[in-house]
Amino acid sequence: MQLNESYWTKRYLNGETGWDIGYAAPAIIRYFEGIDDKDVHILIPGGGNSYEAQVLFEKGFKNVEVLDLSKKPLENLKARCPEFPDENLLHSDFFEHEGSYDYIVEQTFFCALPIKLRPIYVRKMSQLIKEGGKLVGLLFNIPLNQDQPPFGGHKSDYEPLFQTCFDIQHMKISSNSIPQRLGNELFIEMSPLKV
Ligand SMILES: C[S@@+](CC[C@H](N)C(=O)[O-])C[C@H]1O[C@@H](n2cnc3c(N)ncnc32)[C@H](O)[C@@H]1O
């Protein structure tokens, strides 16, 4: 199975979007409510419909970029929030993206990628985040699928993987997950290792 643009766009067009919770994940929004500097640069890769981007933008974070391989969810975000800047909607491949961010948000993007890409994801994330910046968000802490996304895992799988490029500050069961995911996801906060 090719997890390419056409695969993801078909899922959006067919409404096969079981991952989409329909609103901003409270754990992610709570985290950013603790950040006073509204000028920080935030990237949400594999952001999909990205309700988080909309809420953060409406809370005054003006430098929020959403990146997705599929154009459809970016159009959906623009339709919901016409004020969201076009130049912050990036229709491209995460692995080819260049930039420098204070925060990158993870929310069901990691689990959507083929497992063999995980080390490349980790390295790419660490390259895109400024020194002292953070990767924050949620990772599933359950086995999930072997043959199609979502691909799951456990803290014991993620820790050695992320430690290759990150100093992990938090990787704990999230206390404010949505009810359907309560107990099954980890909140993560980590900074790239200094080189
Ligand atoms: C499971 S969905 C998650 C969407 C969103 N984060 C959410 O939680 O609703 C995975 C998303 O990643 C996007 N995606 C997959 N591979 C990608 C890549 N290499 N670069 C950018 N986006 C990608 C898909 O188009 C899809 O929107």
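Begin by selecting S70 and K72. In this predicted model, S70 caps the N-terminal end of helix α4, with a side-chain oxygen 3.4 Å from the backbone nitrogen of K72.

Next, select the whole of α4, residues 71-80, and show the side chains of P73, L74 and L77, which are buried. These residues span an arc of only 105 degrees around the axis, which places them on the same side of α4. An α-helix has 3.6 residues a turn, so residues three or four places apart point the same way.

Keep α3 on display and select helix α2, residues 26-33. The axes of α2 and α3 come within 10 Å and cross at roughly 25 degrees. An angle under 35 degrees counts as roughly parallel, and α2 and α3 are therefore roughly parallel to each other. The crossing in which α2 passes α3 is right-handed. For the contact itself, show I28, I29 and F32 on α2 together with E52, V55 and L56 on α3.

Finally, move to helix α6, residues 155-162. Which residues of α6 are buried? They are Y158, L161 and F162. Turn the view to look down the axis of α6: the buried residues fall within an arc of 85 degrees, so they line one face of the helix. The cover over these residues includes α5 (118-128), β5 (129-140), β6 (166-173) and β7 (185-192).

Methods. Residues are numbered from 1 along each chain as its sequence is written. This is a predicted model: local features need pLDDT of at least 70, side-chain atom pairs count only at pLDDT 80 or more; totals for chains, interfaces and linings use all residues. Side-chain values use heavy atoms; hydrogens and water are left out. Buried means under 20% relative accessible area, exposed over 50%, partly exposed in between (1.4 Å probe, protein chains only). Helices (H or I, at least four residues) and strands (E, at least two) are DSSP runs, numbered from the N terminus. The arc is that of the directions from the helix axis to the C-beta atoms. A polar contact is a pair of N or O atoms within 3.5 Å; within protein, one must be able to donate a hydrogen and the other to accept it, and residues adjacent in sequence count only if both atoms are side-chain atoms. Axes are lines fitted to C-alpha atoms, for helices over the stretch in contact, and angles run from 0 to 180 degrees between N-to-C directions. Angles under 35 degrees count as roughly parallel, over 145 as roughly antiparallel, 65 to 115 as roughly perpendicular and the rest as oblique. A crossing is left-handed if the near helix is turned anticlockwise from the far one by less than a right angle, and right-handed if clockwise. Contact means heavy atoms within 4.5 Å.
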